[in-house]
Each structure stands twice: as C-alpha cells, then as structure tokens.
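Hi,

Here is the structure I promised to pass on to you. Have it open while you read, and I'll walk you through what turned up.

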Amino acid sequence: MSTNTTDTADPRFACLPQRPGKVIAVHLSYPSRADQRGRRPADPSYFLKPSSSLSPSGATIERPAGTELLAFEGEVALVIGAPARRVGVDAAWDHVAWVTASDDFGLYDLRQNDRGSNVRSKGGDGYTPIGPGLIDARAVRPDGLRVRVWVNGEPAQDDTTADLLFSFPQIVADLSQHFTLETGDVILTGTPAGSSVVVPGDVVEVEVDAPTAPGAPSSGRLATTVVAGAHGFDAALGSLPAVDDLQRAEAWGSREAAGLPAAPGPALTPELRAKLERVPVAGLSAQLRKRGLNNVTIDGVRPVHPGAKLVGTAKTLRFVPGREDLFASHGGGYNAQKRAFDAVEAGEVLVIEARGEAGSGTLGDILAIRAHARGAAGIVTDGGVRDYDAVAAVGIPVYTAGAHPAVLGRKHVPWEQDVTIGCGGTTVQPGDILVGDADGVIVLPPALAEEVADAALAQEEEDAWVADRVAEGHPVDGLFPPNAEWRERYETERG
C-alpha cells in the first residue's frame with residue numbers, strides 16, 4: 001500500500017494530497033454494469049459530486065430516516081497530479097498521479113427526482129468514501145487494475161479495467177477538452193455489476209489493486225459502516241423520497257434480488273414479428289372486429305413507400321395546436337419532438353398525434369434520418385411531412401396525411417412524449433403494436449397480438465384455398481365463406 005505524505009487537517013481528505021476542487025463521476029464504463037442496465041452508451045457521460053461528500057476509511061454513512069434504497073458502488077478513483085487541459089489520450093495518463101479505492105454511494109429513493117444530475121441522490125455527506133491508501137499511477141497500467149467489494153465479509157463485486165467501454169486515458173482526455181482538470185481533482189470511474197442495497201449495520205469494504213504489477217500494489221480495504229439516520233426530509237423545502245419497482249430493481253441490481261416478480265417479456269417477440277410481417281392489415285382488421293375491436297385503424301394516413309411493411313411497437317409524441325406563446329416556451333431548443341426522435345429505439349414506431357392537421361410538417365428529412373439511424377421500424381403521423389422526396393429517399397417506412405412545406409410552428413407545438421395519444425382518430429399507447437401496409441395502419445393491443453396474428457394467418461391460408469377454387473370457376477355463393485360442404489372439403493384437403 002502506498003500513502004501520501006501530505007498532511008490534511010480535515011479527516012475527510014486524509015488520504016488525499018488536498019481537498020479536491022472537483023469530484024467527477026462516470027455513469028457507465030464497465031461492460032458488466034452496462035449489460036445489467038440494458039444499454040451500452042456510445043460515449044462516456046458524467047455527473048459531479050461535492051467534495052463535502054468524501055469520507056475516510058472507517059467512517060459511517062447514514063441512511064436517512066424514511067428511506068430504503070441506499071446502494072454501494074465500488075470504484076477505482078483517479079487523483080489528478082498535474083493540470084490537464086485539452087490533452088490527448090496518449091498523454092492523459094501522465095496527468096494522473098495516484099489511484100485509490102472509492103465507494104460511490106447513492107440513495108435511489110431520491111434518484112427519480114434528480115433527473116440524472118444525482119445532486120441529492122449521491123451528494124450527501126459521507127456518500128463518497130475514498131482511500132485508505134494511494135497507489136502511484138506510474139507503477140500501474142490503467143488497464144491492469146482490479147476493484148473488489150465485500151459486504152459483511154462476503155464478495156459482492158469483482159472486475160478489472162481490462163475491457164472497459166471507455167479507457168481511463170480516454171475519460172481524462174475527454175474531460176480535459178471541456179474544462180481544466182486541476183491538481184487534486186478526483187475522477188470516479190464507474191462501477192461493475194454487483195452493486196446492490198445495504199442496510200444499517202452492514203459494513204462495505206472496497207479494495208483496488210494491480211495484481212500483475214510489480215509488488216501488486218493495493219489501496220488497502222476502504223471500510224464504511226451503514227447506520228440509521230435520525231433525520232428525514234422536509235416537504236416544504238423540496239421533493240420527498242419516492243420509490244417504485246424500477247428504482248428497487250436498479251438499486252438491488254435485478255428484479256430478483258429486489259424480491260420482485262420477473263418482468264414480462266417483450267410483447268413483440270421475433271417470432272410474433274415474423275408472423276405479422278406475413279399478415280395483411282386487412283386480415284388483422286377482420287380478426288380484431290371479431291373480437292369487438294373496430295376503432296383500431298389509423299385513418300387518413302398513406303404510406304410514403306406503399307410496398308414496404310411496417311411492424312413495430314409504438315413510441316408516442318404529442319403536438320398541441322399552435323399558439324405563439326406556447327411555441328416560444330416549448331418549440332425551441334431540445335423540445336419534445338427532438339427528444340422523441342433521439343430516444344426512439346430499434347424496432348419502435350414513432351407515432352405522432354397532430355390532430356389530423358396537415359397544414360404544416362411534423363417531421364422532415366433530418367428527423368427521418370435520425371429515426372432511421374436509431375433503427376426505428378417506422379414513423380406514423382396524422383399530420384404533414386416536409387421535404388417529402390428527401391424523407392422518401394431515407395427509406396424508413398413513413399405514413400402521413402400528406403406533404404406540406406411549412407415548418408412545425410405554423411400549426412403545432414411539440415408538447416410531450418411517451419403518453420397515450422390519438423392518431424388518425426385512434427388511441428395509441430406506448431407499447432402498442434403497429435402494423436402497416438398499402439391498406440393503412442392498424443393498432444394491436446399487445447395482449448391480443450399473438451392470438452390475432454395466429455387467427456389471421458389461419459384465415460389467410462383458408463382465403464388462399466377459396467381463391468383457388470373461385471379461379472377454377474366455382475361460384476362464390478356457399479364458398480365464400482365456406483358452407484359445411486366446402487368446409488369439410490377444405491379440412492380434408494388441408495390434411
């Protein structure tokens with residue numbers, strides 16, 4: 001174990017050369033954690049923690065009264081030894097003086113209201129234990145480190161820096177292009193899979209070492225004891241803690257660990273998608289009608305590519321009627337329209353409520369390209385499309401009420417996303433299954449989709465047999481639909 005020789009009056013910073021000016025944390029960097037969360041970001045992203053959240057080994061951390069989801073995250077901490085501003089990846093590691101262990105505690109009860117900033121959920125006093133010793137960065141390789149965590153002596157996390165999504169030099173170089181990394185600044189580099197919830201009485205230990213480096217240097221074990229806090233939160237001052245099953249699953253690491261039932265699988269499985277790609281919309285409409293569902297077609301829209309089939313789950317975007325003051329507050333910047341196109345996932349259909357108002361475009365070629373690049377299955381809008389020919393050239397299936405050259409602000413204000421909407425006179429909810437062809441677009445309730453697809457395929461097979469008989473010269477009376485005699489013949493020939 002290597003330790004610094006600089007005395008620090010405040011025990012919170014005892015292992016560090018000085019009080020850090022900045023504590024910067026990486027959201028996701030370990031493949032195991034990213035896969036656990038179900039997303040692998042293309043680029044690193046960060047948040048800030050106050051230096052007042054630091055604490056030494058042997059300290060306690062309070063779980064506030066009235067909360068339940070305090071989670072640990074063992075991490076490698078980098079301590080900057082020389083200022084870095086716009087340094088390249090090749091030179092970035094030269095600006096790191098020491099490596100040590102850290103624990104990026106988070107209170108998931110406050111996470112949802114933090115909207116990604118983590119100011120409250122991860123900024124509390126004692127929420128960033130660090131130490132106890134420093135490892136000389138010159139003595140180790142950035143891809144040769146290991147982080148391990150024990151809870152009450154039992155192993156909880158164990159991973160290495162060999163295959164990170166973003167290397168430590170890349171993280172340092174990236175941050176340095178945005179602001180100066182100053183001497184003493186600390187970078188928390190993300191946590192691997194295995195992070196979970198701890199309760200009062202638990203002891204969490206984190207160790208960082210370099211097992212293949214000469215002498216196998218180690219930070220030593222960073223120990224933190226969880227205690228019950230006596231103080232809660234005042235509703236008169238800000239939002240109160242709130243948890244749901246999503247936060248419980250993410251805090252514990254999985255639904256199973258949180259004691260929750262398994263999440264239902266995706267409604268649109270690859271097998272169901274393959275069936276729906278074979279079934280015409282008209283056949284699905286007939287089957288839904290038999291089940292009492294008539295108001296399931298998105299009316300007034302036509303395909304830009306009539307020969308293309310559309311199958312996907314709905315992601316929704318809602319426009320409200322144009323009003324100058326509302327467009328001024330909601331139409332510019334990173335508005336709901338841009339957010340929806342940036343967030344649409346592979347296999348999803350972006351469905352836009354424009355109230356049947358085609359007097360301006362609801363998207364153009366740039367947004368169509370964005371949706372296509374994201375892997376979206378298509379776009380459905382009961383409003384207009386600008387740059388119609390350019391949108392058609394993108395190749396993504398698009399259904400629209402028609403072409404119009406005007407910009408969005410003429411008739412619409414982008415308002416909200418991921419809500420229940422009305423498109424073409426039909427209610428569409430996020431997660432509904434949409435199928436489109438040259439006849440139009442239909443909305444399938446997920447709970448009925450498999451049953452309706454199977455019935456429609458069976459009907460298609462029967463209709464094809466009937467069509468062959470009609471082509472042979474038989475009259476349609478009694479054959480379409482088949483009477484008992486023709487039904488028996490069909491069943492016999494089908495075998």
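You'll find N152 in the loop between β10 (146-151) and β11 (154-160). Its backbone is worth a look too: phi of N152 is near 55 degrees, a positive value in a residue other than glycine. Keep in mind throughout that this is a predicted model.

Why point that angle out? Most residues other than glycine have a negative phi, and most peptide bonds are trans. D387 also has a positive phi, of about 50 degrees, although it is not a glycine. D387 sits in the loop between β21 (384-385) and α12 (388-394), and it counts as partly exposed at 36% relative accessibility.

Now for the peptide bonds. The one from G131 to P132 is cis, with omega near 0 degrees, and P132 lies in strand β9 (residues 128-136). The bond from F480 to P481 is cis as well, with omega near 5 degrees. P481 belongs to the loop between α13 and α14.

F480 is in that loop too, between α13 (446-471) and α14 (484-494). Is F480 buried or exposed? It counts as exposed, since its relative accessibility is 56% and the label needs over 50%. Together with V470 and V476, F480 makes a nonpolar surface patch of about 270 Å².

On to the strands. β1 (residues 23-26) and β2 run antiparallel and are joined by four bridges; in one of the pairings, V23 has K49 of β2 as its bridge partner. In a regular strand the side chains alternate between the two faces of the sheet.

Two bridges join β5 (residues 70-71) to β8, and A71 has G106 as its bridge partner in β8.

Next, a helix. Which residues of α10 (residues 336-343) are buried? They are A336, Q337, A340 and F341. These cover an arc of only 130 degrees around the axis, which means they are on the same side of α10. The general idea is that an α-helix has 3.6 residues a turn, so residues three or four places apart point the same way. The cover over the buried residues of α10 includes β18 (310-321), β19 (348-353), α11 (365-373), β20 (378-381) and β24 (412-417).

Last stop: A401, in the loop between β22 (398-400) and β23 (402-403). A401 is partly exposed, with a relative accessible area of 33%. What does A401 contact, leaving aside its neighbours within four places in sequence? Its contacts are G300, V301, A358, T381, D382 and G383. T161, by contrast, is 240 residues from A401 in sequence and 52 Å from it in space, C-alpha to C-alpha.

Happy browsing!

Terms used. Residues numbered from 1 in each chain as written. Predicted model: local features only at pLDDT ≥ 70, side-chain atom pairs only at ≥ 80, totals over all residues. Heavy atoms only, no water. Pairing = 2+ DSSP bridges. Patch = residues over 30% accessible without salt bridge, like charges linked within 9 Å, V, L, I, M, F, W, Y side chains within 5 Å. Areas by Shrake-Rupley, 256 points an atom, 1.4 Å probe, with all protein chains shown as cover. Salt bridge = Lys/Arg side-chain N within 4 Å of Asp/Glu carboxyl O. Buried < 20%, exposed > 50% of the residue type's maximum accessible area, 1.4 Å probe, protein only. Contact = heavy atoms within 4.5 Å. Arc of directions from axis to C-beta.
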